[in-house]
Amino acid sequence: MILKIFKPFLIVIPLIIMGCTITPQIVIDRVNEEMSGVCANLFLSGAYQEASDGFMKSAFVVSRDENDIINVCNYSTAGAIYSESSVVNSALAGCEERRLNFMRVYEKPLKSCEVYAIGNDIK
């Protein structure tokens with residue numbers, strides 16, 4: 001009898017503890033306006049959004065072409081004990097590596113990587 005009463009709570013409580021990743025619509029709209037494809041999918045992915053909404057730190061960085069179109073992106077996440085600058089530096093390092101590879105393969109110049117967002121705070 002007691003199990004029947006508490007069974008719904010046993011299902012709901014873990015979901016509440018894990019947290020629901022709900023990206024604000026204004027963020028979704030802006031991301032879809034400014035980027036597409038892989039970069040938009042990465043930003044809106046569960047992995048990045050969970051880190052952005054939780055206690056973790058996250059940074060999303062991009063590299064644009066001469067028309068300000070985002071061509072390369074990268075992100076980094078880390079636990080709450082890490083500094084924001086270490087997360088940003090990690091994301092920038094990965095982005096620069098991707099940017100250089102992109103320019104080599106496609107022979108198209110790209111601007112240096114820049115911070116696009118810290119968590120869901122788009123710059």
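Mentor: Val-27, Ile-28, Val-31 and Asn-32 of helix 2 are in contact with Ala-40, Phe-43 and Leu-44 of helix 3, where contact means heavy atoms within 4.5 Å, and helices are DSSP runs of H or I, at least four residues, numbered from the N terminus. By class, this contact has six nonpolar, one polar and no charged residues, with Ala, Val, Leu, Ile, Met, Phe, Trp, Tyr, Cys and Pro counted as nonpolar, Asp, Glu, Lys and Arg as charged, and the others, Gly among them, as polar. This is a predicted model, in which local features need pLDDT of at least 70 and side-chain atom pairs count only at pLDDT 80 or more, while totals for chains, interfaces and linings use all residues. Residues are numbered from 1 along each chain as its sequence is written, and side-chain values use heavy atoms, leaving out hydrogens and water.

As for geometry, the axes of helix 2 (residues 25–34) and helix 3 (residues 37–44) come within 9 Å and cross at roughly 160°, the axes being lines fitted to C-alpha atoms over the stretch in contact, with angles from 0 to 180 degrees between N-to-C directions. Helix 2 is therefore roughly antiparallel to helix 3, a term for angles over 145 degrees.

Asn-32, found in helix 2, is partly exposed, with a relative accessible area of 46%, that class lying between buried (under 20%) and exposed (over 50%), with a 1.4 Å probe and protein chains only. Not counting residues up to four places away in sequence, Asn-32 touches Ala-40 and Leu-44, whereas Asn-32 and Phe-43, 11 residues apart in sequence, are 9.9 Å apart in space, C-alpha to C-alpha.

Conventions: Helices (H or I, at least four residues) and strands (E, at least two) are DSSP runs, numbered from the N terminus. Angles under 35 degrees count as roughly parallel, over 145 as roughly antiparallel, 65 to 115 as roughly perpendicular and the rest as oblique.
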